[in-house]
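Hi,

Here is the structure I promised to send over. Have a look at it first, and then read on for what turned up.

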Amino acid sequence: MLAEAVSDDEIGVADGRFQVPRLPPVLKDPAVDATRSDMFGRIGSVQLPDVMVSIDEQTRFSGVLLGRDAARRSELETLYAALLALGTDKTAADMARMMDGVSDDRIELMMRTLEENGQFRTASDRVAAAMLAHPIARLWGTGVVASADMMSMDATRHLWLARIEPRRRTPAVGTYTHVVDQWAIIYDQPVLLNLRQAGVAIEGALNQKVCELQRLAVDTHGFTHFAMAAAKLLGFDLAPRLADLATRKLYLPHDVAVPRSLEPLVVRVKISRLAKEGWDGLLHVIMSLKSGHSSAATIIDRHGSAARGTATYEAGTLLGKVLRSLFLLDYLVKPEFRREVHRNLSQGESVHQLQRAILAGRIEAKHGRKVSEIAAVSGALTLLTNIVMAWNTAAMQQAADAN
């Protein structure tokens with residue numbers, strides 16, 4: 001199929017490089033904008049506190065965060081204030097000035113309690129499940145495809161986890177989120193900037209408990225050949241949007257025949273002695289990941305380029321190269337598949353826009369000195385983001401049912 005696409009000038013080949021044309025834009029139906037305006041005109045505007053209370057009535061995420069039902073109204077108000085403080089980078093004093101009868105000391109104590117409990121992911125999963133239960137969510141995607149990408153959160157330079165964000169040249173800490181194609185965030189974790197993210201991409205897909213993933217779209221930072229092999233053996237496909245696509249090669253065994261027009265794009269690989277010896281070790285690594293005895297982020301990072309020459313690395317990398325070649329064939333000859341990968345990644349970036357609207361400030365040293373504190377900030381932001389999307393989904397469902 002690739003050779004036919006080259007002969008039909010759908011894909012170009014010159015000087016041993018691919019020439020891949022841009023995908024044409026999809027024509028927008030004018031009725032979509034009109035329907036959206038009409039629907040949200042009926043829904044109207046709402047304040048974030050009202051959104052939180054409404055979703056808490058449906059999901060009881062406050063009970064998950066506390067480990068029990070709130071004993072009194074003041075405790076519930078303090079919980080909401082602490083959640084907003086962590087997820088929006090407001091201080092306890094800022095929140096106390098916004099709420100009558102709630103002191104900054106109580107809010108600060110609740111913030112510490114939430115950081116120590118570590119229940120943000122469980123609460124967020126409950127909200128995400130409620131969101132995906134609405135029939136309208138099934139119109140947005142299949143629920144078995146997701147994207148993974150990092151968003152930088154501004155931070156003070158005094159945090160040891162902070163690194164310089166290369167685009168804006170400001171200190172920041174990353175939050176790496178997995179967004180299912182039905183829009184909910186199904187996993188999040190804090191990460192360091194400017195590092196390979198293939199390990200955390202696989203870890204999130206492996207540890208999330210909201211849906212059964214079959215494919216995960218990532219950008220170049222979330223991809224390595226070893227990671228592609230690990231993902232396949234773990235039961236899902238990694239779908240990378242690769243940088244420098246024109247220079248990518250097809251890695252094929254020597255006994256696979258290809259048309260003459262594609263020979264300049266093929267690199268022949270052989271199964272070396274190390275790769276043969278490393279197969280059992282690779283399977284042991286995968287079983288350790290499946291059983292939860294090892295962290296995927298740690299294992300994948302340890303099998304980066306520095307591990308070249310070890311048997312397990314050579315086996316995983318060889319398999320990953322062949323799998324990436326199979327993926328590249330689909331990516332090049334199936335425009336709809338390529339468009340879907342791009343759409344999945346665009347969904348994740350759109351969710352980041354909402355997260356940036358919620359996270360208005362920067363992470364200060366008071367609540368960012370330990371990994372658990374950064375994880376609480378990331379978890380609170382994810383929970384608030386899912387709360388907003390869940391409320392919108394419920395409101396859209398109600399408007400659609402009333403139409």
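The protein exposes about 20,000 Å², with carbon and sulfur atoms supplying 52% of that area. Please keep in mind that this is a predicted model.

On the overall build: there are 16 helices and 10 strands. Along the principal axes, the C-alpha atoms fill a box of roughly 75 × 50 × 40 Å. The radius of gyration is 24 Å, which agrees with the value near 22 Å that a compact globule of 403 residues would have. Of those 403 residues, 49% count as buried. If you take contacts between residues at least 6 apart in sequence, 70% of them join residues at least 24 apart.

Now the charges. The protein carries 47 positive and 46 negative side chains, and the centres of the two sets lie 5 Å apart. Side chains of opposite charge can pair when their charged atoms come close. The count here comes to 18 salt bridges, and I went through a few of them.

Start with helix α2, which covers residues 30-43. Arg-36 pairs with Asp-33 in a salt bridge, their closest N and O atoms being 2.7 Å apart. The two are separated by about one helical turn because they sit 3 residues apart in that helix. Arg-36 is partly exposed at 43% relative accessible area, and Asp-33 is partly exposed too, at 33%.

Asp-94 is partly exposed, with a relative accessible area of 24%, while Arg-97 counts as exposed at 64%.

Then there is helix α7, residues 104-117, where Glu-115 and Arg-112 lie 3 residues apart, about one turn of the helix. Their side chains meet in a salt bridge at 3.2 Å, N to O. Is Glu-115 buried or exposed? With a relative accessible area of 9%, Glu-115 falls under the 20% cut-off and so counts as buried. Arg-112, at 21%, is partly exposed. This pair also belongs to a network: salt bridges that share partners join Glu-108, Arg-112, Glu-115, Lys-366 and Glu-373.

Cheers

Technical notes
Residues are numbered from 1 along each chain as its sequence is written. This is a predicted model: local features need pLDDT of at least 70, side-chain atom pairs count only at pLDDT 80 or more; totals for chains, interfaces and linings use all residues. Side-chain values use heavy atoms; hydrogens and water are left out. Helices (H or I, at least four residues) and strands (E, at least two) are DSSP runs, numbered from the N terminus. The radius of gyration is taken over C-alpha atoms; the globule rule is 2.2 Å times the number of residues to the power 0.38. Buried means under 20% relative accessible area, exposed over 50%, partly exposed in between (1.4 Å probe, protein chains only). Contact means heavy atoms within 4.5 Å. Accessible areas come from the Shrake-Rupley method with a 1.4 Å probe; for residues, only the protein chains shown count as cover. Lys and Arg count as positive and Asp and Glu as negative; His and the chain ends are not counted. The place of a charge is taken as NZ of Lys, CZ of Arg, CG of Asp or CD of Glu. A salt bridge is a side-chain nitrogen of Lys or Arg within 4 Å of a carboxyl oxygen of Asp or Glu.
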